Amino acid sequence: MAERKNIPKKIRFEVLKRDKFTCQYCGKSAPDVVLEIDHIKPISKDGNNDIMNLITSCKDCNRGKSNIELSDDSVVKKQQAQLQEIAERKEQLEMMLEWRESLNSLEDDYIDAVASIFEENTEWGVSEHGRKKIKKWIKEFSLSEVMDATETAIETYYDGSEESWIEAFNKISGICYVRRNQRDNPQMYYVNYTYKSLANKGFYVDKVKIKIYIQENVLNSEDFETLKEIIKCSRNWTDFKEKCEEHIGGKFIARW
């Protein structure tokens with residue numbers, strides 16, 4: 001008779017995980033039943049502790065089976081199917097890791113594309129910290145949006161000094177946000193633009209009333225261009241309101 005050896009704890013755990021902590025005879029799972037590790041081919045019949053010969057069993061099934069060798073090969077086939085599934089999962093995992101590595105490489109190319117705009121148009125390159133910011137922006141927006149915003153930031157804020165370079169770099173995400181907002185929610189963009197423009201001129205500004213006017217009267221980009229002209233030539237909040245009313249045919253805006 002073969003000598004019975006204790007099954008190592010690590011192997012026991014691997015068998016339980018493989019069998020999803022479920023008795024392979026009756027289908028009951030922990031914690032409803034106490035699980036044990038059973039030998040498909042009993043030790044008394046020259047079985048061993050190889051993981052291929054081990055199976056998860058509840059206490060009742062294991063005790064009932066005793067040292068009787070399974071007469072059919074259903075459990076063995078199930079084990080083989082599980083091992084095949086594990087092999088397939090491993091192969092898919094390797095493929096997924098390879099795919100992720102290719103994405104990381106592509107991500108680096110995207111960051112390089114944005115960083116190169118600074119290198120080609122300014123006296124400074126992008127630091128590692130700056131590259132991390134670019135990576136974040138590309139995830140939040142898109143490569144094309146970030147590249148367009150980078151070009152705009154350099155054209156608008158960079159004057160050759162290091163301070164202006166820093167300012168231009170820090171403006172990129174804001175430019176992306178404004179353009180995204182302008183594209184996805186143009187009326188809210190019109191409201192924010194009007195509010196900030198009037199506030200920058202030192203006017204008293206009622207954002208709620210601006211929103212009401214724009215929702216009813218600024219319906220497209222042409223209307224918005226007219227509104228910008230009104231903002232430019234307005235002397236104060238009252239003058240702004242009067243010009244807006246004049247633009248829509250002298251109609252009094254009661255809610256103003």
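Started with Lys-209. I asked how exposed this lysine is: at 22% relative accessibility it counts as partly exposed. That is just past the cut-off, since buried means under 20%. Its salt-bridge partner is Asp-206, with the closest N and O atoms 3.9 Å apart. I noted that distance because the rule for a salt bridge is within 4 Å. Asp-206 itself has a relative accessible area of 17%, so it goes down as buried. A reminder to myself: this is a predicted model.

Next, Lys-243. Which residue does Lys-243 pair with in a salt bridge? I found Asp-239, and the closest N and O atoms are 2.8 Å apart. Both sit in helix α10, residues 237-247, and because they are 4 residues apart there, about one helical turn separates them. Asp-239 is buried, with a relative accessible area of 4%.

Then I looked at how salt bridges link up. Shared partners join Glu-145, Arg-180, Arg-183 and Asp-184 into one network. Within it I checked the side chains of Arg-183 and Asp-184, which meet in a salt bridge at 2.8 Å, N to O. Are Arg-183 and Asp-184 buried or exposed? I have both down as exposed. For the tally, I wrote down 12 salt bridges by this rule.

On to helix α9, residues 221-233. I counted 13 residues and took the span from first C-alpha to last, which is 19 Å, close to the 18 Å expected at 1.5 Å a residue. Which residues of α9 are buried? My list reads Phe-224, Leu-227, Ile-230 and Ile-231. Looking down the axis of α9, I see its buried residues fall within an arc of 110°, so they line one face of the helix. I also wanted to know what they pack against, and the answer is α7 (186-200), α8 (207-217) and α10.

The face of α9 turned away from the buried side carries Ser-221, Glu-222 and Lys-232, which are exposed. At the start of the helix I checked Asn-220: one of its side-chain oxygens reaches to within 3.1 Å of the backbone nitrogen of Glu-222.

Last stop, the loop between α1 (9-18) and β1 (35-39), where I found Pro-31. What is the peptide bond from Ala-30 to Pro-31, cis or trans? I have it as cis, with omega near 5°.

In the loop between α1 and β1 I also looked up Lys-20. This residue has a positive phi of about 60° although it is not a glycine. Its relative accessible area is 59%, so I marked Lys-20 as exposed.

Phe-21 belongs to the loop between α1 and β1 too. Here again phi is positive, about 55°, and again the residue is not a glycine. At 34% relative accessibility, I put Phe-21 down as partly exposed.

Definitions and conventions
Residues numbered from 1 in each chain as written. Predicted model: local features only at pLDDT ≥ 70, side-chain atom pairs only at ≥ 80, totals over all residues. Heavy atoms only, no water. Buried < 20%, exposed > 50% of the residue type's maximum accessible area, 1.4 Å probe, protein only. Helix = DSSP H or I, 4+ residues; strand = E, 2+ residues; numbered from the N terminus. Expected span 1.5 Å × (residues − 1). Arc of directions from axis to C-beta. Contact = heavy atoms within 4.5 Å. Polar contact = N/O pair within 3.5 Å; in protein donor to acceptor, adjacent residues only side chain to side chain.
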